[in-house]
Amino acid sequence: SGLFKVRRLPSSGLFRHLNTLQKQKMNPKKIGTHDGTFHCDEALACFMLHQTAEFKDAEIVRTRNPEILKTLDIVVDVGAVYDPATHRYDHHQGTFADTFDSQQNIRLSSAGLIYKHFGKEILSKVTGTEGETLELVFQKIYTDFIKAVDAIDNGVSQYDTDSRPRYNIPTDLGSRVSRLNPAWNDTIKTPDEQFKLAMALTGKEFLEAVDDLVKTWLPARSIVEEMVNSRHEIEASGAIAILPQSCPWKVHLFDLEEEKGIQNQIHYVLFGDKNDWRIQSVPLGPSSFDNRAPLPAEWRGIRDEALSQVAGIEGCVFAHATGFIGGNKTKEGVIAMARKALQLTGKGHLVASQ
C-alpha cells in the first residue's frame, strides 16, 4: 500500500466554488446609472468602478426605472439614495450635502462619491503605492482632477463673481463628454454606445493624471522636500534654498510650507540651468506674478559685467527687469547674489525674526 496513493476526488467545497464562478460568469455584476443625456461625472464613476475587483466585469445598465434599479448591484447618479452599505451613490436628493472631507466645501457628484469610496483601491492597483504615499496621491488626485468634475456637475463657479466670462473654454473634459451625446438630429448614434466612448475618454484622462502624478509630481516633491529641509545650511534665516536637481518646485514648496508651518520663510530658490545658475524669488502663490522678495531695484534690467559692478559680485549674468529672476555663472556667485539681495531688501532680518 505504500507504493500507491489513492487520488482524492474534488471536494464538495471545490464543486461549490466552481459553480459559484460559473454563475458569476453567467450573471455578471451590474452597474446602474441613468439613461438619456449623459455627463462627465457618471461616465467617470462607471469607468472607475470597472477598475475595482468587485465590478471590473460589470455590465452597465442605463435606466431610470426604479424597479430595475432595485435589482442592480450598484447604482450611481440616479435613484435619489446615498447609502454605501447598499452601494447606492446618488447626489441629487435635496438632503445630500456630503463633501470629500472636512477641508472641502464642494458637494460630491457621482464621480466624487465613487472616488471617495473606491479611490484608494483603484490607486493602489494602478500605481502600486501604499501607506502615506497612497494617501498623498489620493488627496492630490481629488484636488487636481475629481474636484473640478464635482464642481462643474453641481454648478459651482470657479470665481466669486457674477460677471460674464470674457471667453469660453470648450475643451475641458466635461465639454468634450457633452459633445459625445448624440445630436438632436442624429439618427445613427445611440446614447448607450456613445456612453461607452464617454467612459473611455474620462478614464483615459483619469489614468493619465494618475500616471503623471506618480511618475513626475511625486519624484519632484521629494527633491523639493530635500531642498526645504536643508535650507538653513545656506543661510541661518532659512530664506535661501537650493534645489539639488532642477525640477518643478513651486506647487510643492507651497504645499510643504503649509504642512511644516513655515509659510513665507523661503524667499529665494537657487537652481542650476545648463551652464549657469539661477536665483528666483518665490512668488506669492503658485500662479502669482508678484513675488515675496524681488531682486534689488538697482540690479533690475542690467546684465553681465555691468551687473557685477553694481552688485559687487563676480560672474553675474542678468537680473530680470521685474526682479523675479536673475543669474550667475557659478553656484557660489548665485549664493552671493541671494545673500546680498536679502541684505538690500531687509528680508533676511524679517525671516530670522519670525
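Which residue's side chain meets that of Arg 62 in a salt bridge? I began there and found Asp 192, with N to O at 2.9 Å. For my own record, a salt bridge here is a side-chain nitrogen of Lys or Arg within 4 Å of a carboxyl oxygen of Asp or Glu.

**Ground rules.** I am working on a predicted model, where local features need pLDDT of at least 70, side-chain atom pairs count only at pLDDT 80 or more, and totals for chains, interfaces and linings use all residues. Residues are numbered from 1 along each chain as its sequence is written, and side-chain values use heavy atoms, with hydrogens and water left out.

**Entry 1, Arg 62 and Asp 192.** I looked up where the two sit: Arg 62 is in strand 2 (residues 59-62) and Asp 192 is in helix 7 (residues 191-229), so the pair links distant parts of the chain, 130 residues apart. Helices (H or I, at least four residues) and strands (E, at least two) are DSSP runs, numbered from the N terminus. Next I checked accessibility, with buried meaning under 20% relative accessible area, exposed over 50%, and partly exposed in between (1.4 Å probe, protein chains only). Arg 62 is buried at 11%, whereas Asp 192 is partly exposed at 42%.

I found another salt bridge between Asp 211 and Lys 215, at 3.1 Å from N to O. Both residues lie in helix 7, four residues apart, which is about one turn of the helix. Asp 211 is partly exposed at 36%, and Lys 215 is exposed at 59%.

I read both as partly exposed, Arg 339 at 37% and Glu 235 at 23%. I also noted a network in which Lys 140, Asp 144 and Asp 255 are joined by salt bridges that share partners. My count of salt bridges came to 16.

I turned to pairing, which requires DSSP to find at least two bridges between two strands. Strand 7 (residues 268-273) and strand 8 (residues 276-281) run antiparallel, joined by six bridges. Leu 270 stands opposite Ile 279 of strand 8. Their hairpin has two residues between the strands, and Lys 274 there takes a positive phi near 60°. Strand 8 also pairs with strand 10 (residues 325-328), antiparallel over four bridges, and Gln 280 has Ile 325 in strand 10 as its bridge partner.
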